[in-house]
Amino acid sequence: IPTFAYIIIIEIWANPDYGPILSGYVGLLLVGGLYLAIGAFASTMTRNQIIAFIATVFTILILTIATALAPRFLPNALAPVASFLNVNRQYDDFSKGLIDISNIVYFLSGIAFFLTLAVKALESRKWR
């Protein structure tokens with residue numbers, strides 16, 4: 001919300017293109033949703049908040065740094081898969097002003113995947 005002040009300032013001093021601004025906000029919303037879903041899943045796996053935080057950060061690091069470095073070390077057949085899983089690569093189109101359906105599907109399926117895992121983890125507690 002505080003970044004809306006930047007839009008107002010840019011509007012006063014210049015003539016901004018609202019396409020990249022809007023797509024950037026959509027991308028940030030989707031990335032934030034994915035990170036929150038990962039955090040929700042990590043929270044359901046442990047009762048300790050610190051361990052849940054570390055698991056969340058570790059998972060996010062895997063989806064950003066490890067998938068960016070992995071194509072260098074993987075065989076040519078697996079390199080595109082690791083590159084596709086990189087969150088930064090999926091967000092790049094949003095930052096350029098492009099809203100691609102494949103990027104939206106990536107984030108929504110990641111959100112659905114981690115929230116489904118969280119629900120299943122909570123359901124499994126009933127049977128313990």
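Me: Which residues in H6 are buried?

Reply: Buried means under 20% relative accessible area, exposed over 50%, and partly exposed in between, with a 1.4 Å probe and protein chains only. In H6, the buried residues are Asn 103, Tyr 106, Phe 107, Gly 110, Ile 111, Phe 114, Ala 118 and Ala 121. Keep in mind that this is a predicted model, where local features need pLDDT of at least 70, side-chain atom pairs count only at pLDDT 80 or more, and totals for chains, interfaces and linings use all residues. Residues are numbered from 1 along each chain as its sequence is written, and side-chain values use heavy atoms, leaving out hydrogens and water.

Me: What covers the buried residues of H6?

Reply: Helices (H or I, at least four residues) and strands (E, at least two) are DSSP runs, numbered from the N terminus. Contact means heavy atoms within 4.5 Å. The cover of the buried H6 residues includes H2, helix H3 (49-73), helix H4 (79-84) and helix H5 (87-95).

Me: How many aromatic pairs are found in the whole structure?

Reply: Rings of Phe, Tyr and Trp (its six-membered ring) pair if their centres lie within 6.5 Å; planes under 30 degrees apart count as stacked, over 60 as edge-to-face and the rest as tilted. The search of the whole structure gives 7 aromatic pairs. One of them is tilted: Phe 4 and Tyr 25, at 5.2 Å centre to centre with 45° between the planes. This pair links distant parts of the chain, since Phe 4 belongs to helix H1 (residues 4-13) and Tyr 25 to helix H2 (residues 18-45), 21 residues apart. Phe 4 is partly exposed at 40% relative accessible area, and Tyr 25 is partly exposed at 26%.

Me: Which residues form one aromatic cluster?

Reply: That cluster is made of Phe 84, Tyr 91, Phe 94, Tyr 106 and Phe 107. Tyr 106 and Phe 107 are also among the buried residues of H6.

Me: Where is the salt bridge, and how many are there by this rule?

Reply: A salt bridge is a side-chain nitrogen of Lys or Arg within 4 Å of a carboxyl oxygen of Asp or Glu. The count here is 1 salt bridge. Glu 123 and Lys 120 form a salt bridge through their side chains, 3.4 Å from N to O. Both residues lie in helix H6, 3 residues apart, about one turn of the helix. Glu 123 is partly exposed, with 36% relative accessible area.
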